[in-house]
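Q: Could you walk me through a few local features of this one? I'd like to go spot by spot.

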Amino acid sequence: MRLIHIPLVALLSCSSLAAPLTIALGEQDWTSQEWDAIVVGAGPAGIIVADKLSEAGKKTLLLEGGGKSYGITGGSQQPDWLAGTNMSRVDIPGLYKSVFDDPGDLTCASEETAAFGGCTIGGSSAINAGLFFQPPSSDWDTFHPDGWKDADLEAATKRLLSRQKSVTNYSADGNFYLQTGYEAAKKWLVDSAGYSNVVINDEPHDKTKVFGRPAYDYNNGQRGGPVTTYLQTSLSRSNFLLQSGVRVQRVERSGSKATGVVAKFNGTTVTIPLSSTGRVVLSGGAIQSPQLLMMSGIGDPATLSQLESNKLLPDSMNPSTWINNTAVGDGLFDNPNTFIELTGPSIASYTYSYKSPITSDTLMYLGSKSGPYTFASQTSVFWTMMPHTDGTPPTGVQGTIDSAGYGEYVDDRTITLNVYGTSGLLSSGRVQVDAKGVAGPSDDIYYSDAAGRDASDIAQFIHDLFQALPGSGLTPLNIPANASKEEIVNYITTPSQYAKGQVNHWSSSCRIGSCVDAEALKVQGTDNVHVVDASVVAPLTVNPQFGIMVAAEKGGELIAAL
Ligand SMILES: Cc1cc2nc3c(=O)[nH]c(=O)nc-3n(C[C@H](O)[C@H](O)[C@H](O)COP(=O)(O)OP(=O)(O)OC[C@H]3O[C@@H](n4cnc5c(N)ncnc54)[C@H](O)[C@@H]3O)c2cc1C
């Protein structure tokens, strides 16, 4: 069998190249070849797993439903001020927020998923802020099963950091930009509220009353992430192929054994075969991997019955072929978030622009990869833990401070504090698939615990912070500084543009130990179907990408060894 490998970078000069990437493979095309590993989804997890499997010599096919993103993938969407460079909008950290105004073709289509996220080469790592925090050891030790404790992940974490560094100094000139919010927050949190001022990833395990500058996965002033690292080594191997524009519909299986995947490509439906010892790895993210399992007849029988009555399962897949795994889609998590708008006389807010940034800022960026466009707008970050007296783990809480106001509060002296609840929360929901086959979150993701402990913890955190405001020069605008805890509970649990909105940190919908096994993230009830992505990771104390990448480093290693 002949596998023709054409590195993506080499393809970029090819005039026949149009989205989706189509690669001729000589006599036998890639859809009919047998693969040792088919990885579905080129998000951060899928890219890492595919790299590990191809490194181990497996003939590996990485399928991505979306198209080009970074300049090095052939992405070319850019504002005029980037004309003549090989960078697309994706490469510029300071263009992060533009994806909320106009995502172009970078985000998932509404007919595919009812949640905001990146559906492109890199997944959400191609559109996110790039915040890159190592989870504290307690996240693994407390919330993950044996085999997935912090000590088990030490080597994977080291490998990750050797491929993908975490940077606090993002601007090549060594300066920090847009610092009025940072200075005011430091006065408030460190001088008044008693937080320690730390380099966050130098002290990854301490998340009690710590404050610092954000850490990012940027590289030389541009967006970093696995597309710029792991994907590039994969592309240099002759046993690896990336195909974008391929939307996988389901896993094809014979009983508990996957034999291939069914996918839509160029308007036709194809079945791409696995070799007799091959494996499918689903890395479509915490919403779409459970959906793929359900569409493959693997899940909660009640959900599968619903899919069947909505005619979403093929006729050949009658109930006797279903694999019962009630943990598929269960436990879906996202951070409950509240926007708190803060104003003060010392604050000079800064709003990024896609089309018309301040000229001196674009010159600084293009000339020396320095200035405000070298980061995604976050100036400071802090955490603490809210303890419980009943012996249950504490609730993690996080604050992230942005350079500008939001919603109705956008004058030039206003900045935004986002307050998240993180690890240890009791609330979670499920992945649901509607009558048209669109997957999304159930409506009980946030604050659904019966006793209201989650809201109480987060409100207490905000209340505590507000007690330390006097002297900081900052005043909250959308919640009164003297609000009672009960008033804050009411505010954060009432849907508005400031509360209860989606943060898009989806995770935990196919957890290790219940949905997939701890040995190699194999879906319970199957022989050779794995899930490696945000789905398998329990809610983390920090923004999730780092932890997901560690899980993929480890998962890829375990699967390669099977
Ligand atoms: C706007 C935004 C900002 C964020 N900011 C941060 C941040 O600063 N720091 C941080 O740590 N986290 C952040 N996150 C979260 C982080 O990006 C995600 O947790 C992470 O990308 C999840 O990785 P993943 O590999 O599980 O899946 P994803 O990144 O979701 O990638 C999955 C990929 O699979 C593809 N796919 C899915 N289904 C199919 C199918 N059926 N066929 C083919 N392909 C398929 C998708 O197109 C997608 O490209 C942010 C997320 C968003 C949306």
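Q: Where is V210 found?
A: V210 is found in strand β4, where strands (E, at least two residues) and helices (H or I, at least four residues) are DSSP runs numbered from the N terminus. This is a predicted model, in which local features need pLDDT of at least 70 and side-chain atom pairs count only at pLDDT 80 or more, while totals for chains, interfaces and linings use all residues. Residues are numbered from 1 along each chain as its sequence is written.

Q: And is V210 buried, exposed or in between?
A: V210 counts as partly exposed because it has 19 C-beta neighbours inside 10 Å; a residue is buried with 20 or more other C-beta atoms within 10 Å of its own, exposed with 12 or fewer, and partly exposed in between, the C-beta atoms being placed from the backbone.

Q: What is V210 in contact with, leaving aside its neighbours within four places in sequence?
A: With those set aside, V210 is in contact with Y195, S196, V198, E203, F382 and W383, a contact being two C-beta atoms, placed from the backbone, that lie within 7 Å.

Q: How far is V210 from L153?
A: Their C-alpha atoms are separated by 24 Å, and the two residues are 57 apart along the chain.

Q: Switching to α5, which of its residues are buried?
A: In α5, which covers residues 154-163, A156, T157 and L160 are buried. Seen down the axis of α5, these buried residues fall within an arc of 100°, so they line one face of the helix; the arc is that of the directions from the helix axis to the C-beta atoms. On the other side of α5, A155, K158 and S162 are exposed.

Q: What covers that buried face?
A: The cover of the buried residues of α5 includes α13, residues 545-560.

Q: At what angle do α5 and α13 pack?
A: They pack at an angle of about 115°, with their axes 9 Å apart, where axes are lines fitted to C-alpha atoms, for helices over the stretch in contact, and angles run from 0 to 180 degrees between N-to-C directions. The two helices are therefore roughly perpendicular to each other, given that angles under 35 degrees count as roughly parallel, over 145 as roughly antiparallel, 65 to 115 as roughly perpendicular and the rest as oblique.

Q: Which residues meet there?
A: A156, T157, R159 and L160 of α5 meet M549, V550, E553, K554 and E557 of α13. By class, this contact of α5 with α13 has 4 nonpolar, 1 polar and 4 charged residues, with Ala, Val, Leu, Ile, Met, Phe, Trp, Tyr, Cys and Pro counted as nonpolar, Asp, Glu, Lys and Arg as charged, and the others, Gly among them, as polar.

Q: How do α2 and α13 cross?
A: The axes of α2 (residues 44-55) and α13 come within 8 Å and cross at roughly 30°, and the two helices are therefore roughly parallel to each other. The residues of the contact of α2 with α13 divide into 10 nonpolar, 3 polar and 3 charged.
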